[in-house]
Amino acid sequence: MKRLLITGAAGNLGKILREGLKGYADILRLSDIADMGPAGPGEEVVTCDLSDRAAVDELTKDCDGIIHLGGISIEAAFDDLLQANFLGTYNLYEGARNNGKPRILFASSNHAIGFHKRTTKLDDTSELRPDSLYGVTKCYGEALASYYYDKFDVETVSLRIGSCFEKPRDRRMLSTWMSPRDFISLMKAVFDAPMTGHLVMYGVSNNRTKWWNNDHADFIGWQPQDNSDIFRDEIEAAFPAEDRHDPAVIYQGGGFAAKGHFED
Ligand code: NAI
Ligand code: 15L
């Protein structure tokens, strides 16, 4: 791969990939509205607001792949989500369509399906049940990815990421955790695969307790290595047992599902 674009490069996952994908492509083109520091060897740094269509068109030129992490990553006011997530993702797909149709990894979220109960095992065919306005933006992104594949042959892996942090931060994340190492290996599998079409997948490690099934995506050959069990004793000692009547425990989206409407 010659040039791989990463949007949202200043964020939590962007930093993980900036380090973890060094050398994977000849050039990593890193982009964000926030400061990313200077470009290192094999890097290009481009400050760009995703809501600026002309700038995004420029940003997406000469790329062989795009990892689209940029946008608001938690629940927020609709008008803010409108710019960063709705408009930003549209601009990115338009840029990709106009500039050689590189494959896209769309960072979707478990909050696109967060109103399913934890007792329901999901796969790629499960009904979308967003738990927040933020989750709605991820459903929209997945729909856009589907449309751009069917209409224009732009391939996407829509990855419903669970919780990608160094380690789980509460009991829920023992089920939703994806290790940074597994995230990096998944990114390589996505861009190494001969084809993906529009593939919906879950971004989750090989945890003993989990709610999502990725069997349909075996053809891209990704096998998660890590398991949250190594943190289980520590997390269970630090957090009280969960109340199974608490909506944050009933629903997969946890606190996102349990909270009221953001704008009330
Ligand atoms: P983050 O909030 O740390 O990073 C997002 C980045 O996007 C920030 O650096 C921000 O400056 C940038 N951004 C926001 N609005 C922008 C705009 N208008 N133009 C350009 N850049 C803009 O989030 P994180 O944790 O790195 O997540 C990355 C992506 O993965 C997000 O799309 C998030 O929704 C998704 N995701 C992350 C999960 C996780 O466990 N970290 C779980 C599920 C989904
Ligand atoms: C997400 O979508 C968020 O971006 C991240 O910060 C976590 O809250 C994660 O979901 C989660 O559900 O743990």
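**Reading two ligand shells in a predicted model**

Biologist: How does the shell around ligand 2 divide by residue class?

Modeller: The shell around ligand 2 holds four nonpolar residues, six polar and one charged. Here Ala, Val, Leu, Ile, Met, Phe, Trp, Tyr, Cys and Pro count as nonpolar, Asp, Glu, Lys and Arg as charged, and the others, Gly among them, as polar. This is a predicted model, in which local features need pLDDT of at least 70, side-chain atom pairs count only at pLDDT 80 or more, and totals for chains, interfaces and linings use all residues. Residues are numbered from 1 along each chain as its sequence is written, chains are lettered from A and ligands numbered from 1 in the order in which they are written, and side-chain values use heavy atoms, with hydrogens and water left out.

Biologist: Which residues are around ligand 2?

Modeller: A residue is near a molecule if one of its heavy atoms lies within 4 Å of it. Around ligand 2 these include Ser 73, His 111, Tyr 134, Arg 172 and Phe 256.

Biologist: What lies 2.7 Å from an oxygen atom of ligand 2?

Modeller: A polar contact is a pair of N or O atoms within 3.5 Å. A polar side-chain atom of Tyr 134 is 2.7 Å from a ligand 2 oxygen, and for Arg 172 the distance to an oxygen of ligand 2 is 3.0 Å.

Biologist: Which residues come nearest to ligand 1?

Modeller: Of 26 residues around ligand 1, the nearest are Leu 13, Asp 32, Ser 73, Tyr 134 and Cys 164. A side-chain N or O atom of Tyr 134 is 2.5 Å from an oxygen of ligand 1, while a backbone N or O atom of Leu 13 is 2.8 Å from a ligand 1 oxygen.

Note on methods. A polar contact is a pair of N or O atoms within 3.5 Å; within protein, one must be able to donate a hydrogen and the other to accept it, and residues adjacent in sequence count only if both atoms are side-chain atoms.
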